[in-house]
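Me: I would like to learn how to read strand pairing and helix packing in a model. Could we go through it feature by feature?

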Amino acid sequence: MNRPTTVPQGKQPIVFCDFDGTITLSDNIVAIMKHFDPPGWEPIVNDIVSGAKSIRRGVGEMFALFESGRREEITKYVLDTAGIRPGFPELLALCKEKEIPFYVTSGGIDFFLRPLLAPFDIAESHIFCNSANFDGDTIEILWPHPCDERCHNDCGMCKTRVIRRFPEERYFRMLIGDSVTDFEGAKLADLVFARSHLATRCRELGLPHHEYDTFFDVIDVVRTLTNERN
């Protein structure tokens, strides 16, 4: 399948961007588990990767391994180590210049995701992620954006549900991602920017995509695609 070279007339370009391993340089959930090493987390990750457990179930089980009182410690670790992928502020500026709506669609958790995104000008309504409850003895992950009747993957934060809010008849849908949580959304997108596991999967499925290392790679393509709109 060929990659689009321009945004079709009459369609509004829109961007859906993953967070962990995409906006940030590493997968924060995996990094948290490796650093704090709560007993039992590795078999859960293996079950998620193999498909034996859904993302929602697995992520919920992993964070339940932590006492609620460790919230600040975990948040500080992520803020100190995550790192923002080069070109992210410039991509946001380009989207603003070109009047392209930019949405963060993440399987990450609000208590570390939102502090990391706080320096950037992204509207609250444009950030979709999971949340956490610290009222109990252990961290409980909440799922405010679950799968709808058209998705049966038990995603937790269902990216396809968010993307379908913007019908393909009206929108040119671009997805930026890197991992298993982006696979289903990539099937709906008009164009995918992929790295790591997502790039491998796109090649296997024949999905139109551009591979990227930094957001400057994405910027070059988006400029070309939209150069006749503004």
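Me: Which residue of strand 3 stands opposite I109?

Reply: Two strands pair if DSSP finds at least two bridges between them, and strands (E, at least two residues) and helices (H or I, at least four) are DSSP runs numbered from the N terminus. Here N130 in strand 3 is the residue opposite I109, and strand 2 (residues 102-109) pairs with strand 3 (residues 127-133) in the parallel sense over 3 bridges. This is a predicted model, in which local features need pLDDT of at least 70, side-chain atom pairs count only at pLDDT 80 or more, and totals for chains, interfaces and linings use all residues. Residues are numbered from 1 along each chain as its sequence is written, and side-chain values use heavy atoms, with hydrogens and water left out.

Me: What is the strand order of the open sheet?

Reply: The 7 strands follow the order 4-3-2-1-5-6-7, with mixed pairing. Strand 4 (140-142) and strand 7 (209-211) are at the edges with a single partner strand each, so one side of each has no neighbour in the sheet.

Me: How are two packed helices described?

Reply: One gives the angle between their axes and the distance between the axes. Axes are lines fitted to C-alpha atoms, for helices over the stretch in contact, and angles run from 0 to 180 degrees between N-to-C directions. Helix 2 (residues 41-50) and helix 3 (residues 55-63) cross at roughly 170°, their axes coming within 9 Å, and they are therefore roughly antiparallel (angles over 145 degrees). Their contact (heavy atoms within 4.5 Å) includes W41 and I44 of helix 2 and I55 and G58 of helix 3.

Note on methods:
Parallel < 35°, antiparallel > 145°, perpendicular 65-115°, else oblique.
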